[in-house]
Amino acid sequence: MSAEFELCPGRKIGGSNPCFIIAEIGQNHQGDIEIAKKMIRMAKDCGADCAKFQKSEIEHRFTKQALERPYTSPHAWGPTYGAHKHHLEFSHQQYRELQQYASEVGIFFTASGMDEMAVEFLHEINVPFFKVASADTNNIPYLEKTAKKGRPMVISSGMQSMETMRCVYQTVKKLNPNFTFLQCTSAYPLPIEHVNLSLIPEFQKEFPDIPIGYSGHETGIHVSVAAVALGAKVLERHVTLDKSWKGSDHSASLEPAELAELVKAIRTVEMAMGSPIKQMLPCEASCHSKLGKSVVARKPLQKGQTLTRDMLTVKVAEPHGMRPENIFKLVGKKITVDLEKDATITDAIIQD
């Protein structure tokens, strides 16, 4: 069983704890703080554990040339990539306002720190954990500085190899024991054939002392539910209020009804996982009473006879007696009473 730790105050992940569900708002708020608040409220109402954003200190994240390049995508919010990113980026004060709103609503609040300075700001406002986006998973200097902050870390694995993830594990583990890896494929939306849920058990074998989760960008909810059934302890899905809105992430996001259904399905699957101990359960008593079979006499038998296999058969009987799997243990035993055909064989009539 995977190790467990407290990801947020009072909320552990790993072990037998429920899957921690992150509603990734990202930049689907269109740069509008009121929409962002509606999305936080939506995440809470749908049953998610955390509302997550993406925080950048843009001049630290991008080069001057990258920000100045023309941006002609139909999803663009400005003529250059820099203008586009600035439109979607909330200020420090706005982040504090959103954090306060999430606290009032009653949902955990955090963000992916998309560069080292963004991590410094998120640390300053005391987010419960850091999310490391896939693009920074192999950014070893970033990982070291982030891990040294001492906050739990959720690390996505998109665009990385297992060899790289081993390096990431060694880098973070020596500085911070509280982290989790998420299986992730960085495509939006993600073709089903590239989800690779089989990597969840592979991660569990490779890194047995940390929880493993899943960050999904596929359409629909079924794959994410399957990820939880495979043992994902953290689940991250992008969310939106309207998939038709401008923005490249909306098509890979869940609308409110889908998010609510996903949360419900995950909690149902978790309950259904139940116990690994196989035994007859109290809820099966009624069925067993009507249909459970017992060992009975195949023909009339006399007191003192030594039982042979051909004297015995298995039927639904009243009363219940010896269980069918014990029929061979009766061979060679003597009975202490006369029996009619179909009489139940019970412990009480077997001579010790």
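Rings of Phe, Tyr and Trp (its six-membered ring) are taken to pair if their centres lie within 6.5 Å, and a pair counts as stacked when the planes are under 30 degrees apart, as edge-to-face when they are over 60, and as tilted for the rest. By this criterion, a search of the whole structure finds 15 aromatic pairs. The structure is a predicted model, in which local features need pLDDT of at least 70 and side-chain atom pairs count only at pLDDT 80 or more, while totals for chains, interfaces and linings use all residues. Residues are numbered from 1 along each chain as its sequence is written, and side-chain values use heavy atoms, with hydrogens and water left out.

One of the aromatic pairs is that of phenylalanine 20 and phenylalanine 108, which counts as tilted because the ring centres are 6.3 Å apart and the planes stand at 35°. This pair links distant parts of the chain, since phenylalanine 20 belongs to strand E3 (residues 20–26) and phenylalanine 108 to strand E5 (residues 108–113), 88 residues apart. Strands (E, at least two residues) and helices (H or I, at least four) are DSSP runs, numbered from the N terminus. Burial is judged by relative accessible area, where buried means under 20%, exposed over 50% and partly exposed in between (1.4 Å probe, protein chains only). Phenylalanine 20 has a relative accessibility of 0% and therefore counts as buried, whereas phenylalanine 108, at 26%, counts as partly exposed.

A tilted pair is also formed by phenylalanine 53 and phenylalanine 109, with 5.6 Å from centre to centre and 40° between the planes. Here too distant parts of the chain are linked, with phenylalanine 53 in strand E4 (residues 50–55) and phenylalanine 109 in strand E5, 56 residues apart. Phenylalanine 53 is buried, because its relative accessible area is 0%, and phenylalanine 109 likewise counts as buried, at 4% relative accessibility. Both phenylalanines take part in a cluster in which ring pairs link Phe53, Phe90, Tyr95, Phe109 and Phe121.

Charged side chains are also found over aromatic rings, an arrangement that requires NZ of Lys or CZ of Arg to be within 6 Å of the ring centre and within 35 degrees of the ring normal. Arginine 69 lies over the face of tyrosine 81, at 4.5 Å from the ring centre, and lysine 246 lies over the face of tryptophan 77, at 4.0 Å from the ring centre.

Turning to the helices, helix H7 (residues 140–148) packs with helix H8 (residues 162–173) at an angle of about 35°, and their axes are 9 Å apart. The axes are lines fitted to C-alpha atoms, for helices over the stretch in contact, and the angles run from 0 to 180 degrees between N-to-C directions. On the side of H7, the contact (heavy atoms within 4.5 Å) is made by Ile140, Leu143, Glu144 and Ala147, and on the side of H8 by Cys167, Val168, Thr171 and Val172. In general, an α-helix has 3.6 residues a turn, so residues three or four places apart point the same way.

In helix H10 (residues 222–229), the buried residues are Val223, Ser224, Val225, Ala227 and Val228. These buried residues pack against helix H9 (199–206), strand E9 (212–216), strand E10 (234–238) and helix H11 (256–273). After H10 comes glycine 231, whose phi is positive, near 115°.

The peptide bond from tyrosine 188 to proline 189 is cis, with omega near -10°, and proline 189 is placed in the loop between strand E8 (179–184) and H9. A cis peptide bond also runs from glutamate 318 to proline 319, with omega near 0°, and proline 319 lies in the loop between strand E12 (312–316) and helix H13 (327–330). Methionine 159, a residue other than glycine, has a positive phi near 70°; methionine 159 is located in the loop between strand E7 (153–156) and H8, and counts as exposed because its relative accessibility is 60%. For aspartate 342, phi is likewise positive, near 75°, and this residue lies in the segment after H13, where aspartate 342 counts as partly exposed at 35% relative accessibility.
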